[in-house]
Amino acid sequence: MTDLVVGTDGLARCGWGASTPDYAAYHDEEWGRPLHGDDALYERLTLEAFQSGLSWLTILRKRPAFRAAFSDFSIEAVARYGPNDVERLLSDPGIVRNRLKIEATIANARAALELPDGLARLLWSYAPPPRPRPAASAEIPASTPESVALARELRRRGFRFVGPTTVYALMQATGMVDDHLADCHVPPRR
């Protein structure tokens, strides 16, 4: 059992990536693809934090509203948010209205601005060397020594909602690790 699912298009995907059209598009076009850029990585870090305790599909479907609510995830813009913005976000039905996560998003933007070399450089400095793709989803860890170390460093620098599992999900989503299954149609990262 490899946990692959062959879609109606004949493509073999990681099992989770074929359950809905939204997941299939995300799986095929984004997940596991190397992503760079401070604002782009800040968006993914934020969305992974909001996902905690919820379905990723919920977050994925709300992503356009999140982008609108959080100034397209411009670190500089979100870092300037104040109490009125928190109240605006708490009343926005298009996003997940969780005060702690909203406040963490703002705090994380401020912490990102303080990084001397930027968020992307810090995050990617913890990417492990490439390893073989897993044969089955049971081989995929919830966290790794690298995600534990990165979570610790992010918290030390003032970031919130960045536990090792959330950070590992970020590493998977942004191609820092390649956890597509071995026989998945998505080409391996280079």
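Helices α2 and α3 are oblique to each other, and their axes lie 10 Å apart at a packing angle of about 130 degrees. This is a predicted model, and the tour below visits a few of its helices, one loop and some single residues.

- Which residues of α2 are buried? They are Leu41, Tyr42, Glu43, Arg44, Leu45, Thr46, Leu47, Glu48, Ala49 and Phe50.
- The cover over these buried residues includes α1, α3, α4, α6, α7 (119-124) and α9 (164-173).
- Just after α2 comes Gly53, with a positive phi of about 90 degrees.

**How α2 packs against α3**

- The crossing between α2 and α3 is right-handed.
- On the α2 side, the contact is made by Glu43, Arg44, Leu47, Glu48, Phe50 and Gln51. Their partners in α3 are Trp56, Ile59, Arg63, Phe66 and Arg67.

**How α2 packs against α6**

- The axes of α2 and α6 come within 10 Å and cross at roughly 155 degrees. That angle is over 145 degrees, so α2 counts as roughly antiparallel to α6.
- The crossing of α2 past α6 is right-handed.
- From α2, the residues Tyr42, Thr46, Ala49 and Phe50 meet Lys101, Ile102, Thr105, Ile106, Asn108 and Ala109 of α6.

**Helix α6 itself**

- Helix α6 covers residues 99-113, and its 15 residues should span 21 Å at 1.5 Å a residue. Its end C-alpha atoms are 22 Å apart, which agrees.
- The N-terminal end of α6 is capped by Asn98, which places a side-chain oxygen 3.0 Å from the backbone nitrogen of Leu100.
- The buried residues of α6 are Lys101, Ile102, Ala104, Thr105, Ile106, Ala107, Asn108, Ala109, Ala111 and Ala112.
- What covers the buried residues of α6 includes α2 (38-51), α4 (75-79) and α5 (83-90).
- Ala111 sits in α6. Why does Ala111 count as buried? Its relative accessible area is 8%, and the buried class is anything under 20%.
- Setting aside neighbours within four places in sequence, Ala111 is in contact with Arg157, Gly158 and Phe159.
- Ala111 and Ala24 are 87 residues apart along the chain, and their C-alpha atoms are separated by 33 Å.

**Helices α1 and α3**

- Helix α1 (residues 21-29) packs with α3 at an angle of about 80 degrees, and the two axes are 10 Å apart. These helices are therefore roughly perpendicular to each other.
- Asp22, Tyr23 and Tyr26 in α1 meet Trp56, Leu57, Leu60 and Arg61 in α3.

**Two residues in the loop between α3 and α4**

- As background, most residues other than glycine have a negative phi.
- Asp72 has a positive phi of about 55 degrees, although it is not a glycine. Asp72 is in the loop between α3 (56-69) and α4.
- Phe73 lies in the loop between α3 and α4, and its phi is also positive, near 60 degrees, in a residue other than glycine.
- Is Asp72 buried or exposed? Asp72 counts as exposed because its relative accessibility is 60%.
- Phe73 counts as buried, with a relative accessibility of 0%.

- Ser147 has its place in helix α8, which runs over residues 145-156.
- Ser147 is buried, because its relative accessible area is 0%.
- What does the side chain of Ser147 reach? It reaches the backbone nitrogen of Thr144, at 2.9 Å.
- Leaving aside neighbours within four places in sequence, Ser147 is in contact with Pro164, Val167, Tyr168 and Met171.

Methods: Residues numbered from 1 in each chain as written. Predicted model: local features only at pLDDT ≥ 70, side-chain atom pairs only at ≥ 80, totals over all residues. Heavy atoms only, no water. Helix = DSSP H or I, 4+ residues; strand = E, 2+ residues; numbered from the N terminus. Buried < 20%, exposed > 50% of the residue type's maximum accessible area, 1.4 Å probe, protein only. Polar contact = N/O pair within 3.5 Å; in protein donor to acceptor, adjacent residues only side chain to side chain. Contact = heavy atoms within 4.5 Å. Expected span 1.5 Å × (residues − 1). Axes fitted to C-alpha atoms, helices over the stretch in contact; angles between N-to-C directions. Parallel < 35°, antiparallel > 145°, perpendicular 65-115°, else oblique. Left-handed = near helix turned anticlockwise from the far one by under 90°.
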